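Please have the model open as you read.

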Amino acid sequence: MAEKKNIIELVAIVVEFCSTLELTSSMTKKAFVEKTHKLLSLLYMKTTILANDFDAEDNCEKFVTEKDWEYIRQHVEAKLGSHDNRIEIIEPDNFTSGESVETYISECFADIYQDARNFAELCKDTSDDGLNAAASEFLMNYKLYWGTRALAIISEFHNLLYASDSTIDKEEE
């Protein structure tokens with residue numbers, strides 16, 4: 001029962017995160033950075049609380065299309081402008097070798113959105129099996145893929161918000 005509560009709380013954060021990305025163009029850059037910085041931090045923390053004892057699922061239905069992914073990427077890229085930095089990520093499978101992947105913040109957002117939106121849609125099946133399958137896939141993707149991307153964005157946005165020479169307060173939309 002406690003695990004179902006954790007999943008439901010996570011779904012609430014995921015839905016807010018996805019809604020924020022879908023409405024990126026209606027926000028100022030500063031509001032977008034502040035809100036997604038907080039939501040990504042919550043999303044990361046809440047995902048770590050999920051149990052690790054789900055049966056592995058990798059055949060869950062996918063809802064996000066390439067067009068959806070590209071929509072999010074383009075809107076985040078447009079919102080961030082010159083702050084859509086290229087970032088270096090070391091994924092867990094490459095940790096010991098030190099091989100990194102270079103990508104843009106907007107692409108990271110689109111990647112996280114894809115897993116988050118798929119998870120939210122899967123959770124509409126509120127049976128225990130449906131929730132567990134959704135949580136299993138979301139947790140697996142978090143561990144192997146989007147968790148490192150979330151941390152990279154959190155770090156970039158932390159510096160953008162709190163660096164003494166940050167110009168985000170002075171920027172006009």
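## A linked set of charges

Glu22, Arg117, Glu121 and Lys124 are joined in a network of salt bridges, a salt bridge being a side-chain nitrogen of Lys or Arg within 4 Å of a carboxyl oxygen of Asp or Glu. This is a predicted model, in which local features need pLDDT of at least 70, side-chain atom pairs count only at pLDDT 80 or more, and totals for chains, interfaces and linings use all residues. Residues are numbered from 1 along each chain as its sequence is written, and side-chain values use heavy atoms, with hydrogens and water left out.

The cut-offs are under 20% for buried, over 50% for exposed and in between for partly exposed, using a 1.4 Å probe and protein chains only.

Helix α4 has 18 residues and spans 26 Å from its first C-alpha to its last, close to the 26 Å expected at 1.5 Å a residue; the expected span is 1.5 Å times one less than the number of residues. The helix is mostly covered, with 16 of its 18 residues buried.

Asp115 belongs to this helix, which runs over residues 105-122. Asp115 is buried yet has no salt bridge, and the nearest side chain of opposite charge, Lys62, lies 6.6 Å away (Lys and Arg count as positive, Asp and Glu as negative; His and the chain ends are not counted). Beyond its neighbours within four places in sequence, Asp115 is in contact (heavy atoms within 4.5 Å) with Phe138, Asn141, Tyr145 and Trp146. The side chains of Asp115 and Asn141 make a polar contact of 3.1 Å.

## A pair in helix α1

Across the whole structure there are 14 salt bridges. One of them links Lys5 and Glu9, with the closest N and O atoms 2.8 Å apart. Lys5 and Glu9 both lie in helix α1 (residues 2-22), 4 residues apart, about one turn of the helix. Glu9 counts as partly exposed, at 27% relative accessibility.

Definitions and conventions:
Helices (H or I, at least four residues) and strands (E, at least two) are DSSP runs, numbered from the N terminus. A polar contact is a pair of N or O atoms within 3.5 Å; within protein, one must be able to donate a hydrogen and the other to accept it, and residues adjacent in sequence count only if both atoms are side-chain atoms.
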